Amino acid sequence: MRTKTSLVCSVLAGFTALAALAATPVRAADTIKIGLIVPVTGPFSYMGRQITAGVSLYLAEHGATVAGKTVEILLKDDAGLPDNSRRLAQELVVNDKVAVLAGFGLTPQAFSSASIATQSKTPMVVMQAATSSVTEKSPFIVRTSMTLPQVTGGVAEWAYKNKITRVVTLVSDFAPGIDAEKSFKDHLTANGGQILAALRMPMITADFAPYLQRVMDAKPEAVFVFLPAGSSAAVFMKQFSERGLGKAGIRLLGTGDIVDDDVLNDMGDAALGTITSHHYSAAHPSAMNKKFVEAIGKAQNGMRPNFMAVAGYDGMHVIMEGLKATRGAGGEALVNAMKGQIFESPRGQVLIDAQTRDIVQDVYLRKVERLNGKLYNVEFDVEKFVKDPGKSR
Ligand code: PHB
């Protein structure tokens, strides 16, 4: 007998549900280990908080037993650094003999770890990193989050349908930002629109003033923005408002990352009316989502789930259903058992595409509105079952 001590939750209050799962002693032969690599510390720690909240809730609701074995989550903090993710993935595979690698908040983390999954034939469930090409980096990668081209088309279409044709794009200068920039440009220009300037900013930016000034100078009808969800999105929104872009008649458009549910209420009135397209809103009006939002709030001190919590929850679904089908076996059999899964998620119906191993899902157009005193992304249109368009490029 040995006690499950490898769940590294010491750092954090928000990770209590996972810690509770670690409390019961279980024989090693009776466990299936899952290595969950996310940023728990550092500027992207909110990703770890959201993803683990989703993972914990799934296990709390469905139990941590499959094929007569107990699933053990080994939570590892990569602090958002790709070298750490790769080292942790290697250790989890070699020393801990995990059946699955999961998590991966940022694209560089997923990129750095992909070859470990391939070499060791370990399924790798990407629960957040959203550059289109992530799933092409290993045949063992399955993704439950989204891709930037998948969620950008909707808002680009909304723009030209609403006669917005002169746009500046402003994106974080790393892979998902470049994906979003290209996708928005392709849609708009194919429909007669014009990109007046394509601006890029460092991935971590606190002062948006120089970029916002360049947007002002270009005198567009709208600016399309992608930056990593979380606190920098809230800072951006504040500066966009303070610098008077809205008053100058420049509309703010983006993917849902800029109006992330986790920080939306910190943005205040500045966010009202913002139009975005994305695959998940905490306000999605389904019975399953209402239950999900309530349960996350209850388990996590009132936290509102965002798209990362949903991807963690659905990622666990894909893993547990896969393990059920393989009777606990891992490797290629497990990846194959994840392909083609179709199920109801808090975001709506989703499918793991058997060819690409990427998620197919509904993408919604949403507008920020105040409901019962709180800000929400209220869905007003939907494109059903969108595949990642990035794969055909
Ligand atoms: C990514 O690194 O792929 C990424 C990060 C933050 C987001 C979306 C995508 O909000």
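The views below come from a predicted model, in which local features need pLDDT of at least 70, side-chain atom pairs count only at pLDDT 80 or more, and totals for chains, interfaces and linings use all residues. Residues are numbered from 1 along each chain as its sequence is written, and side-chain values use heavy atoms, with hydrogens and water left out.

View 1. Helix α3 (residues 82-94) and helix α4 (residues 107-120) have axes that come within 7 Å and cross at roughly 25°. That makes the two helices roughly parallel (angles under 35 degrees). Axes here are lines fitted to C-alpha atoms, for helices over the stretch in contact, with angles from 0 to 180 degrees between N-to-C directions. Helices are DSSP runs of H or I with at least four residues, and strands are E runs of at least two, numbered from the N terminus.

**View 2. Residues where α3 meets α4.** Look for P82, S85, R86, A89, Q90 and V93 on α3, facing P108, Q109, S112, S113, S115, I116 and S120 on α4 (contact: heavy atoms within 4.5 Å).

**View 3. An open, mixed sheet of six strands.** The strand order is β2-β3-β1-β4-β5-β6, where pairing takes at least two DSSP bridges. At the edges lie β2 (65-66) and β6 (141-143), each pairing on one side only.

**View 4. Strands β5 and β6 pair in the parallel sense.** Three bridges join β5 (residues 124-126) to β6, and M124 has I141 as its bridge partner in β6. Helix α4 packs on the sheet here, touching β5 and β6, and its direction makes about 160° with that of β5.

Notes
Parallel < 35°, antiparallel > 145°, perpendicular 65-115°, else oblique.
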